[in-house]
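Biologist: I would like to learn how to read a structure like this one, feature by feature. Please give the general idea each time, and then the case at hand.

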Amino acid sequence: MDVLVCAGCGAELSVPVERVALPPEAHASGHHAWMPALMEPGTYAVDPDPWGRPWRRREEIDASEAAALGVYAPLYAVATGPRNVIVLAPGDTRGTRLLPERSGDSCLGIVAGDEPSLLCAGCGLGVGFREDDCGVWQTVRYDPGAVVRRSLGVPAPAAPVRPLPPVDPEGGWDLRWTAAAGTALARLLAASGGRAPVLPAGLPTAMFGRAVERLLPAGPPGPTVGLAGPGLPGTDAGIVLVPADRRTGEPWRPPGDAIAVPLPAPVWAYLTGPGETSPTPVSGTLPAQVVRDDYPHPERPGHPFPPDHRTLRRTLARMPEVRRPWLRALYDRL
């Protein structure tokens, strides 16, 4: 466990927090008026990629400079701000003062602008940015040059992996699922060698099938895709969907030569779970005189599953493999 402190005066700027991997949905944009917090309470992540201003158009950057920024294919704009920005939930911050007038160009809330909107309440040092605009994850991002991570010398408590359903409380596809699918689809396409992979039946086909059919040419089938991970029997698939480590983001390593495509552990746990586990299955209907105050949602939304397009393109653009001619051609079609 760590505490984040001001580099200027040493004042504590967070509650005790555990470092975890940055969620795949961090760079996805929502379609709802208000978004929840990106990070789970009591956790923080470090974004390894450059974040925020100044933004530069990709055509203004030569290939070697873009590669140094981790970009290997054209993007509309490239962030050239600091690397290793610290991301945490707003409710886990302490000892800061907010200056909403420093917001960037926003709609109903605030977003990062030219100057830090969060100041250390002790010494006035600009330490980071608060974001809560519509369609934007609720986050605090601390500048790695203004905030120091101080270890408390105690291990983080064990956190069980809970399966995440693909349908959100409003009855739509959960953005965490669509973003995870966008990231995984990029890696799946790169591992396919340009031939449509054979997907396992069920939800994996719902997640990737339409996109694979649209993006890869018809022809001889490509590699077989399977599910692998702790507690699963072995598979001879050439590509395997595996859980990513909650803390490091590293994929579970399958035996043999199979190519691992990571998914967030809660998504993977749902894909591989036993399904309905209620000890007392219910049948029939409620009596006529009983009025419900909870409205059940359909098991699946009425429209097909959509891997997040922005996350897909961003992931592909930051993979060196996108420089292969066939994959670059596919990227350009996106």
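Predicted model: local features only at pLDDT ≥ 70, side-chain atom pairs only at ≥ 80, totals over all residues.

Modeller: Begin with a strand pair: β13 and strand β14 (residues 259–264) pair in the parallel sense over 6 bridges. Two strands count as paired if DSSP finds at least two bridges between them. Helices (H or I, at least four residues) and strands (E, at least two) are DSSP runs, numbered from the N terminus.

Biologist: Which strand pairs with β13 over 3 bridges?

Modeller: That is strand β12 (residues 225–227), again in the parallel sense. Here leucine 227 has leucine 241 of β13 as its bridge partner.

Biologist: Is strand β13 buried or exposed?

Modeller: Buried means under 20% relative accessible area, exposed means over 50%, and partly exposed lies in between (1.4 Å probe, protein chains only). In strand β13 (residues 239–244), 6 of the 6 residues are buried, so the strand is largely enclosed by the rest of the structure.

Biologist: What do the buried residues of α4 pack against?

Modeller: For packing, contact means heavy atoms within 4.5 Å. Helix α4 (residues 265–272) has Ala265, Val267, Trp268, Ala269 and Leu271 as its buried residues. They pack against α2 (175–192), α3 (203–215), β12, β13 and β14. In α5, the buried residues are Thr311, Leu312, Arg314, Thr315, Leu316 and Ala317, and their cover includes α2 and α6.

Biologist: Which residues touch the most other members of the largest nonpolar core?

Modeller: A nonpolar core is a set of buried Ala, Val, Leu, Ile, Met, Phe, Trp, Tyr and Cys residues joined through side-chain atoms within 4.5 Å. The largest has 45 residues, and Trp177, Leu185, Met207, Phe208 and Leu316 touch the most other members. Two or more residues come from each of α2, α3, β13, β14, α4, α5 and α6, and α2 gives the most, with 10 residues. Leaving aside neighbours within four places in sequence, phenylalanine 208 is in contact with Ala181, Ala184, Leu185, Leu188, Leu199 and Leu241. There is also a second, separate core of 16 residues, with Tyr44, Val127, Val140 and Ala146 among them.

Biologist: In what order do the strands of the open sheet run?

Modeller: The order is β2-β3-β6-β10-β9-β8-β7, giving 7 strands with mixed pairing. The edge strands, β2 and β7 (96–98), each pair on one side only. Within this sheet, strand β9 (residues 126–131) and strand β10 (residues 139–142) pair in the antiparallel sense over 4 bridges. Glutamate 131 has threonine 139 in β10 as its bridge partner.

Biologist: How many salt bridges are there?

Modeller: The rule asks for a side-chain nitrogen of Lys or Arg within 4 Å of a carboxyl oxygen of Asp or Glu, and the count comes to 12. In one of them, the closest N and O atoms of arginine 150 and glutamate 12 are 2.8 Å apart. This pair links distant parts of the chain, 138 residues apart: arginine 150 is in strand β11 (residues 147–151), and glutamate 12 is in the loop between β1 (2–6) and β2 (18–19). Arginine 150 is partly exposed at 36% relative accessibility, and glutamate 12 is partly exposed at 43%.

Biologist: Which parts of the chain does the pair of aspartate 49 and arginine 318 tie together?

Modeller: Their side chains meet in a salt bridge (3.8 Å, N to O). Aspartate 49 lies in the loop between β3 (43–47) and β4 (55–57) and arginine 318 in the loop between α5 (309–317) and α6 (325–333), so the pair ties together parts that are 269 residues apart in sequence. Arginine 318 counts as buried, at 16% relative accessibility. Salt bridges can also form a network, as with Glu18, Arg246 and Arg247.

Biologist: With which side chain does arginine 314 make a polar contact?

Modeller: A polar contact is a pair of N or O atoms within 3.5 Å; within protein, one must be able to donate a hydrogen and the other to accept it, and residues adjacent in sequence count only if both atoms are side-chain atoms. Arginine 314, in helix α5, makes such a contact with the side chain of histidine 27 (3.4 Å). Not counting residues up to four places away in sequence, arginine 314 touches His27 and Asp49.

Methods:
Residues numbered from 1 in each chain as written. Heavy atoms only, no water.
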